[in-house]
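Let us walk through this model step by step. Keep the sequence and the 3D view side by side.

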Amino acid sequence: MGRKEFAPNVLIACYIVLAHHFIVVTACHDADYGQLIQDYCLNQFKFDMEVIGQKLWCDWDETVGSYGELTNCTILIAKKLDCYWPNQLVDEFFIAIHKHYFKNCSLSGRSLRDPPNNILCPFLVVPILITLLMTALVVWRSKRSEGIV
């Protein structure tokens with residue numbers, strides 16, 4: 001009997017611990033946190049991106065430092081306010097950053113452009129020449145084998 005009575009108490013204790021953990025994790029002053037990352041983190045990132053210039057926003061080598069500082073800034077402010085990181089506010093913040101600064105970038109982080117002609121031409125000319133050569137070879141073999149019965 002002692003074990004059956006003990007099991008519900010353990011479950012209740014587990015629920016209390018989980019509820020406490022959930023409250024601690026979500027106990028963040030969203031308004032303060034949102035305002036601070038806007039004021040401190042975003043303003044510096046905007047300045048860095050202006051210095052880089054819009055043409056280089058998709059160049060990961062140019063933006064990785066500023067992006068890393070932005071990420072670290074949001075983490076530090078979250079720690080100071082005892083906020084869980086990442087959280088929904090941070091996700092929305094970075095989605096807005098990506099929509100503004102990186103919406104025209106490819107997945108590789110490099111801007112899309114045609115390859116130089118010295119690379120592009122062989123990829124176009126070689127298949128065309130092989131096709132013409134194979135067609136000529138088939139026609140030549142078909143004419144040559146017609147005389148043999």
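Start inside the fold, at Ile97. Leaving aside residues up to four places away in sequence, Ile97 touches Leu42, Phe45, Leu70 and Phe102. Ile97 and Phe45 are also the residues with the most contacts inside the largest nonpolar core, which has 20 residues. The largest share, seven residues, comes from α2.

Now step back to the whole chain. The model is predicted. The protein chain has five helices and zero strands. Read from the N terminus, the elements run α-α-α-α-α. The chain has 149 residues, and buried residues make up 21% of them. Take the contacts with a separation of 6 or more: residues 24 or more positions apart account for 72% of these.

How far can each part be trusted? The chain averages a pLDDT of 79, and 72% of the residues score at least 70. Among the elements, helix α3 has the highest mean pLDDT, 92. Helix α1 (residues 2–26) has the lowest, 50. Where pLDDT is low, the predicted coordinates should not be read in detail.

Within α4, the residues Val90, Phe93, Phe94, Ile97 and Tyr101 are buried. These five cover an arc of only 90 degrees around the axis, so they sit on the same side of α4. On the other side of α4, Gln88 and Lys99 are exposed. Look also at where α4 begins. A side-chain oxygen of Asn87 reaches to within 3.0 Å of the backbone nitrogen of Leu89 at the start of this helix.

Beyond α4 comes Lys103. Lys103 has its place in the loop between α4 and α5 (117–146). Its relative accessible area is 60%; the cut-off for exposed is over 50%, so Lys103 counts as exposed. In sequence, Lys103 and Trp57 are 46 residues apart. In space, their C-alpha atoms are 9.9 Å apart.

Helix α3 is the next stop. It takes in residues 60–80, 21 residues in total. From its first C-alpha to its last, α3 reaches 29 Å, close to the 30 Å expected at 1.5 Å a residue. Buried residues in α3 are Thr63, Ser66, Tyr67, Leu70, Thr71, Cys73, Thr74, Ile77 and Ala78. Leu70 is also one of the residues that Ile97 touches.

Pick out Ser66 from that list. Ser66 lies in helix α3. Its relative accessible area is 11%; buried means under 20%, so Ser66 counts as buried. What does Ser66 touch, not counting residues up to four places away in sequence? Its partners are Phe45, Asp48 and Ile52. Phe45 is a name from the core, where Phe45 and Ile97 have the most contacts.

Finally, follow the chain out of α3. Asp82 lies in the loop between α3 and α4. With a relative accessible area of 58%, Asp82 is exposed. Asp82 and Tyr33 are 49 residues apart in sequence, yet 9.9 Å apart in space, C-alpha to C-alpha. The backbone of Asp82 needs a second look. Its phi is positive, about 55 degrees, although Asp82 is not a glycine. Pro86 lies in this loop between α3 and α4 as well. The peptide bond from Trp85 to Pro86 is cis, with omega near 0 degrees. Why do these two details stand out? Most residues other than glycine have a negative phi, and most peptide bonds are trans.

Definitions and conventions: Residues numbered from 1 in each chain as written. Predicted model: local features only at pLDDT ≥ 70, side-chain atom pairs only at ≥ 80, totals over all residues. Heavy atoms only, no water. Buried < 20%, exposed > 50% of the residue type's maximum accessible area, 1.4 Å probe, protein only. Helix = DSSP H or I, 4+ residues; strand = E, 2+ residues; numbered from the N terminus. Arc of directions from axis to C-beta. Polar contact = N/O pair within 3.5 Å; in protein donor to acceptor, adjacent residues only side chain to side chain. Expected span 1.5 Å × (residues − 1). Contact = heavy atoms within 4.5 Å. Core = buried A, V, L, I, M, F, W, Y, C linked by side-chain atoms within 4.5 Å. pLDDT = per-residue confidence, 0-100.
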